[in-house]
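The sequence and structure come first, and the description follows.

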Amino acid sequence: MATSIKKKKFNARGNAKGAGKSRKGALIKGMSKRLPSEILNDPIFKDGLGKIMKGYSGIYALYRRNRLYYIGLTTNLLGRMNWHLKDRHAGKWDHFVIFRIKRIDYLKDIETLITRVVDTPGNRQKGKVPRDADMNRVLSAILRQHTQELRAIKKALRS
């Protein structure tokens, strides 16, 4: 009984074909350019924005002039954008960008990453990572250990 063995095909770099291919569009399913906040209330755009945004999860960025003001995540892009026209952010932003995200599992992680990298005056919270993923905690423990060792050496030198 003969068995068929599939041979892998390799590219010029010696990598298996298809290996390491980026999966563009696997996470972001749509994105806008910077849009003026006024179009959220404009009757001409309202219907189109509803079709593009309603029911979609995503991340959005609010801008005041050319500076990033706030980053947020939501499971309802259209509703959240309209809410920010009336809530504590009202009048503090004039443009926005939206990113429709396919996998909502990653929304909070993406928001945390962005708010930790970029200063956003409108965000009160900067996001947290799980305790076991907090590298600062590990570095602090190393620092404590070295400090104890240095104290022991200093004490020995005084004697």
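## The salt bridge

The structure holds one salt bridge, a term used for a side-chain nitrogen of Lys or Arg within 4 Å of a carboxyl oxygen of Asp or Glu. Lys-51 forms this salt bridge with Asp-47, and their closest N and O atoms are 3.6 Å apart. Lys-51 and Asp-47 are four residues apart in helix α1, so about one helical turn separates them. Lys-51 has 62% relative accessibility and therefore counts as exposed; exposed means over 50% relative accessible area, buried under 20%, and partly exposed in between (1.4 Å probe, protein chains only).

## Basis of the model

This is a predicted model, in which local features need pLDDT of at least 70 and side-chain atom pairs count only at pLDDT 80 or more, while totals for chains, interfaces and linings use all residues. Residues are numbered from 1 along each chain as its sequence is written, and side-chain values use heavy atoms, with hydrogens and water left out.

## The chain as a whole

The chain has four helices and five strands. Helices (H or I, at least four residues) and strands (E, at least two) are DSSP runs, numbered from the N terminus. In order from the N terminus, the elements run β-β-α-β-β-α-β-α-α. Of the 159 residues of the chain, 26% count as buried.

## Helix α1

Helix α1 covers residues 43-53, and its buried residues are Leu-49, Gly-50 and Met-53. Seen down the axis of α1, these buried residues fall within an arc of 105 degrees (taken from the directions from the helix axis to the C-beta atoms), so they line one face of the helix. Their cover includes α2 (77-83) and β5 (95-101), where contact means heavy atoms within 4.5 Å. Ile-44 and Lys-51 are exposed on the other side of α1.

At the start of α1, a side-chain oxygen of Asp-42 reaches to within 2.8 Å of the backbone nitrogen of Ile-44. After the helix comes Gly-55, with a positive phi near 80 degrees.

## Strands β3 and β4

Strand β3 (residues 58-64) pairs with β4 in the antiparallel sense over seven bridges; two strands pair if DSSP finds at least two bridges between them. Leu-62 stands opposite Tyr-70 in β4. The two strands form a hairpin with two residues between them, and Arg-65 in the turn has a positive phi of about 55 degrees.

In strand β4 (residues 67-74), six of the eight residues are buried, so the strand is largely enclosed by the rest of the structure.

Notes. Polar contact = N/O pair within 3.5 Å; in protein donor to acceptor, adjacent residues only side chain to side chain.
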